[in-house]
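Please load the structure in your viewer and keep a selection panel at hand. The tour below moves from one selection to the next and says what is to be found at each stop.

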Amino acid sequence: MVEQVEKRIWERLFKWCKSLAGIAVIATVVIALLATFDRGGYVLVNTVVTGGMTALVAMGLALTLGVLNIPMFAHGEYFMIGTLVAYYVFTPISNYINTHPESILVFWGPLITIVAAMIVGALAGVVSEVLVFSPLRKRSRENWVMNSFLLTVGLSVVMINAHQVFFGADFKGITRYWAGMPITVMDVFISRDRAIAFVLAAVVVATFWFFMTYTRTGRAIRAVSQDETGALMVGIGLKGILLLTMSLSCALAAIAGAGLLFMYPSYPSVGLEPLYMAWFVVILAGLGNVLGAVMGAFMVALLKVLTIEYIGSGWDFVVPSALIIVILIFKPSGIFGSEVRGVLDK
Amino acid sequence: MDKTIPTVNPFDKLLNLMCFTPLGLLSLLVLVVLPMVPPFNQEYLIRWLISAAFIASLAIAFDFTAGLINIVNFGYCAIMGLGGYTSAILAERFGLTPWLGILAGGVVAALLGLAIGMITLRLRGIFAACLAWFFGLALMGLATKMVWLTRGPMGMRVDRLFETQSNVPYYYLLLIIMVAIYIICKWVTRTRMGVAFKAIGQNMEAARTSGINPVFYRVSNFVLSCALGGVLGGFYAHYYGILTPDMMHTSKTVEVLAVAYIGGRGSLWGGAAIAFPFIFAMELIRSSLSNLPGLNLLLYGLLLILVMIYYPGGFAEFFDTYFRKPKNKMMNYLLNGERAAT
C-alpha cells in the first residue's frame, strides 16, 4: 500500500517534470546554480532577495487581475506609498534610536514601520476601490478590462504627481533598518536588511498562501476569481470580497516598498521598476495565477541578475521583454497556466 | 417618378470627401490664421501651438486603434520614437533626404506594428496593450544603450527640416500632416473595413459570428496606426533637431492617451479638438505655478479618471448631445454639413 502511494507520487513528480512548468523550474534552478559556480555566490543571494520582494508585488498584481479583473497599472504606486510611509515613520524612530541605543525599538522599530506601511497601503487600496473602481463597476461592465486598465493609468499619474506636489521630488531614503555586522553565507556578505527582507517576504508569502488555501475567506476569494456568478450563487458577498482583495494586494505591494526602502529611496516614480518587474512575472507565470507568480518572480529576478551580470545594466528591460515575446508566441497562458478565465474572456 | 436628386454643390461635395463639417473647416482655418494674429505670433506661443498640433495628430492616430477596435497601444510613443530614430539615422548616416526619411520612419514603425500585431492580436486586447508596452520599454532600453548608433541619453543631433530659424513653416507642415492623418483615418472608417473595425470593437464574438476575421482587421488597423505614428516621429526628429530616448517613455504615451480619451474615444476629431485648449491650459498651469511641479499632470490624471468613470464618451459625446442638434437651419448646416441638413 505504502509502496503504491510512493510509486504514484513518483509518477506524478515525473510527469510534472516533463510539463512546461517543471522544465522551467528545473531550468531556473540549474541555471542559477551554474551562474553561482561561474561568478560566485552573490548571484544566488541577489536573485533570492530580489525575487522575494518581487514575489510580493507580483502576487498582489496577480490577485487584482484574477479576482477583480483589473489589469493594474498603478500597482507600483502602492509600492511607492509603502516607501513613503516607511520613510516618514522610520525617520523619527531612527532619531530616537540614535539617542537611546539600548531601547527595544532597535529591533522592533523597523517592523513597526513595515506594519504601518502595510496598514496605510491597505487603506489606500480600500480608498481607491471605493472612489475609483466601484463607481465604474456600477456604471458599466462592458469592456471592463480595458476601461479599468485606463482608469489605473489615470490613478498612477495622479498618485505619482500627488507625491511630487505634496512631498517633493527629492530622494527620501534611509541608510539601513537594522545596524550590525553583515551575515556571511557562502563567502558572501549579506547585510542584515537584505537577509531580514528576504525572511519577511518568505513569511508573508507563506502566511498568504495559508490564508488563501485554508481559511474560508481565502477560499471565497479564489472562488470569485474562478467564477464570479457561481460565487454569488453560493452566497459569497461579492462587494466585501472585492474590497478585501484590493486592500490585500495593495498591502502586499506596500510591504514590499517598506521592506526595500534601504534599496529604493522614496521618490515619485519609484514604483515604475517594481511595476515592470511584476508585469513580467505575471505574464510569464500566467495572468491571475497567484502561486505561479511566486515562482515566476524568482525566474524574472534570476533573469535580471544574469542580464546585469553578463550583458550589463540597462539591458535588463530588453532581455525580459524578449522572453515575454517568446512566451506570448508559444504559450500565451503563461508557464504555469491560469485557472482564471475572467481576464481572458472579458 | 419625379423624385429629384438633391443637388449637392461642389463645395459640400468636397467637404464630404474631406470628412469635414463646415465648423471643422472653420476651426481649421482659425488654426491656419492663428500664427499671424498678435498674441500668437510670438515664438514661444507658436512652439506651444506646434506641440498641441503634434499631440492632436498623435491622438487621432492613437484613437484609430483605441477607439475603433478597442485596443490600447501602450507603446505608442516608443513606436513613434522608432520612426523618429529611423528617419534621423537615415538622414545623418546615409544622407537620405528627410522627406523620404520621414516616410521610411513610417514604414519601419508599420513593420514593428505588424510584428506586435501578429503576435498579440489573436489574443485578448490586454495582451496587445502589455506587449506593446514591453516592446516600448525594450526599444527605450535599446535607444539608451546603443550609444554607437543613437548616442544614447546624450541625444542625437538631427538636421532640421527647413533652414529658417522660424517655427512657422513647421507649424503649417504639421497642420498638413494632421489633416492628412485625419482624412486617411476617416476614409478608412467609411469603407467596409471601418464597419468591420467598429463591429470588432463593440463585440468581438458577434463580429466573428458574422464572418469577420478579427485578426486580419485588427492587425491592419494596428499597422496603419503605427505607420502614422512613425511618420509623426520622423517629423518630431526633424523639428526638434535632437532626439533622446526620453521621448519614448510611457508617460508620453499616457499624455496622448489622456487627450484621446478626454476628447472622446472613437470620434477621431475629439482628441484633436481638445488637444489645443488642453495643451495650452497645461502649459499655462506649468509656467504660472512653477513652484508646484507636477500639478498640471495631477489635474490631467484626475480629469482622465473622471471622464473615464462618469462620461466615457468624452468631449465628442458631450458635443454631439448638447450642440449638434440645433433648431436653426443655418446652425445645423454649420455643425453637420449638407448631408444631414437635407
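Begin with helices H3(A) and H12(A), which are oblique to each other, because the angle between their axes is about 140° and an angle counts as roughly antiparallel only when it is over 145 degrees. Bear in mind throughout that the model is a predicted one. To find the pair, select residues 42-68 of chain A for H3(A) and residues 290-310 of chain A for H12(A), whose axes lie 7 Å apart. If you look along the line joining the two axes, H3(A) passes H12(A) in a right-handed crossing.

Now show the side chains where these two helices meet. On H3(A) the contact includes Val43(A), Asn46(A), Thr50(A), Gly51(A), Ala58(A) and Gly66(A), while on H12(A) the residues include Val290(A), Gly296(A), Phe298(A), Lys304(A) and Glu309(A). Coloured by residue class, the contact of H3(A) with H12(A) divides into 15 nonpolar, 7 polar and 2 charged residues.

Staying in chain A, select residues 75-99, which form helix H4.

Next, display both chains and select the residues through which they touch, 37 from chain B and 38 from chain A. On the chain B side, the elements that give two or more residues are helix H5 (98-120), helix H6 (125-145), helix H12 (250-263) and helix H14 (295-310). Of these, H6(B) gives the most, with 14 residues. The side of chain B that touches chain A is made up of 28 nonpolar, 7 polar and 2 charged residues.

For the last stop, keep H5(B) and H6(B) and hide the rest. The axes of these helices come within 9 Å and cross at roughly 140°, which makes H5(B) oblique to H6(B). H5(B) passes H6(B) in a right-handed crossing. Select Ile116(B), Ile119(B) and Thr120(B) on H5(B), together with Phe127(B), Ala128(B), Leu131(B), Ala132(B) and Phe135(B) on H6(B), to see the residues that make the contact. By class, the contact of H5(B) with H6(B) has 7 nonpolar residues, 1 polar residue and no charged ones.

Terms used: Residues are numbered from 1 along each chain as its sequence is written. Chains are lettered from A and ligands numbered from 1 in the order in which they are written. This is a predicted model: local features need pLDDT of at least 70, side-chain atom pairs count only at pLDDT 80 or more; totals for chains, interfaces and linings use all residues. Helices (H or I, at least four residues) and strands (E, at least two) are DSSP runs, numbered from the N terminus. The expected span of a helix is 1.5 Å times one less than its number of residues. Two residues are in contact if their C-beta atoms, placed from the backbone, lie within 7 Å. Ala, Val, Leu, Ile, Met, Phe, Trp, Tyr, Cys and Pro count as nonpolar, Asp, Glu, Lys and Arg as charged, and the others, Gly among them, as polar. Axes are lines fitted to C-alpha atoms, for helices over the stretch in contact, and angles run from 0 to 180 degrees between N-to-C directions. Angles under 35 degrees count as roughly parallel, over 145 as roughly antiparallel, 65 to 115 as roughly perpendicular and the rest as oblique. A crossing is left-handed if the near helix is turned anticlockwise from the far one by less than a right angle, and right-handed if clockwise.
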